[in-house]
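Dear colleague,

I am handing over the structure we spoke about, with a short account of what came out of it. Please look at it alongside the notes that follow.

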Amino acid sequence: MRLWTSHHTFDHPWETVVKAACRKYPNPLNPSVLGTDVIDRKVEDGVLYSHRLITTQWRFPTWILPLFGHRGPYYASEWSEVNPESKEMVVKTVNISLGKHVSVGEVVTYSPHPENPETTLLSQQAVISIQGVPLIDHLERLLTLNIEQNATKGRQAVEWVIEKLQSEVKDIASSAAKSTDDLLNQTRRQIDDITTITKQGMEDFQNVAKKSFDEFQNLTVPPPSQSIPKL
């Protein structure tokens, strides 16, 4: 049996890292993960509980496959808890395939770094055990190395997702800014049109008023001495 542990600090807040971890698959950095299927998901007392089936393709050397009698794909159960109040995400994974010969249990925890809460501490621990086949020690060492490599790719994948999320936010902000500019330009054009129409109407009104006043001034008024005939 082998115990593998690892710690890594993400230079991002806990909320950002957890969002990326939940959207981690699929990604180009972990092609061994073929798919994830949600079996159950619920929220209790503000905590999100999820159970997923993970489908993978382990990259064993070809000479190992006959020992296990299975060429994949391989399946694992994953249970996760996300607690926004305590700011902790715990993911536990246990293999289903090869359970007769191979046992791999992994626990991953995301939490704010105790020395810098604006960053996120990732803690990983895996217990690897192989039995019932030859070369147990060698196989456990190979499987541990495989887990370590996948963990490195997994951290890179989280960074990849974070960058993708930030890019999406920038695109949305840019699109919103463009829409706002378009709306402002349209509003300005409408105001200019209204101003032009109003100005033209005022000029027409002033011209009509001036014409009426001139016509009134030109009316013939009888002299004061002229008597007006009685009816």
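Ser-80 is buried, because its relative accessible area is 9%, which falls under the 20% cut-off. Please bear in mind that this is a predicted model. Ser-80 lies in strand 4, and once its neighbours within four places in sequence are left aside, the residues in contact with Ser-80 are Leu-48, Tyr-49, Ser-50, Val-90 and Val-91.

Strand 4, residues 74-83, runs antiparallel to strand 5, residues 88-95, and eight bridges join the two; Asn-83 stands opposite Glu-88 in strand 5.

As for the sheet as a whole, seven strands make up an open sheet with antiparallel pairing, in the order 1-7-6-5-4-3-2. Its edges are strand 1 (2-10) and strand 2 (33-44), each of which pairs on one side only, and the twist from one strand to the next averages 15°. Helix 1, residues 14-22, packs on this sheet, where it touches strand 1, strand 4, strand 5, strand 6 (102-112) and strand 7 (120-130), and the direction of helix 1 makes about 150° with that of strand 6.

Strand 7 is largely enclosed by the rest of the structure, because eight of its 11 residues are buried. Strand 7 is joined antiparallel to strand 1 by nine bridges, with Arg-2 standing opposite Ile-128, and antiparallel to strand 6 by 11 bridges, where Ser-103 has Ser-129 as its bridge partner.

With best regards

How values were computed: Residues numbered from 1 in each chain as written. Predicted model: local features only at pLDDT ≥ 70, side-chain atom pairs only at ≥ 80, totals over all residues. Heavy atoms only, no water. Pairing = 2+ DSSP bridges. Helix = DSSP H or I, 4+ residues; strand = E, 2+ residues; numbered from the N terminus. Axes fitted to C-alpha atoms, helices over the stretch in contact; angles between N-to-C directions. Contact = heavy atoms within 4.5 Å. Buried < 20%, exposed > 50% of the residue type's maximum accessible area, 1.4 Å probe, protein only.
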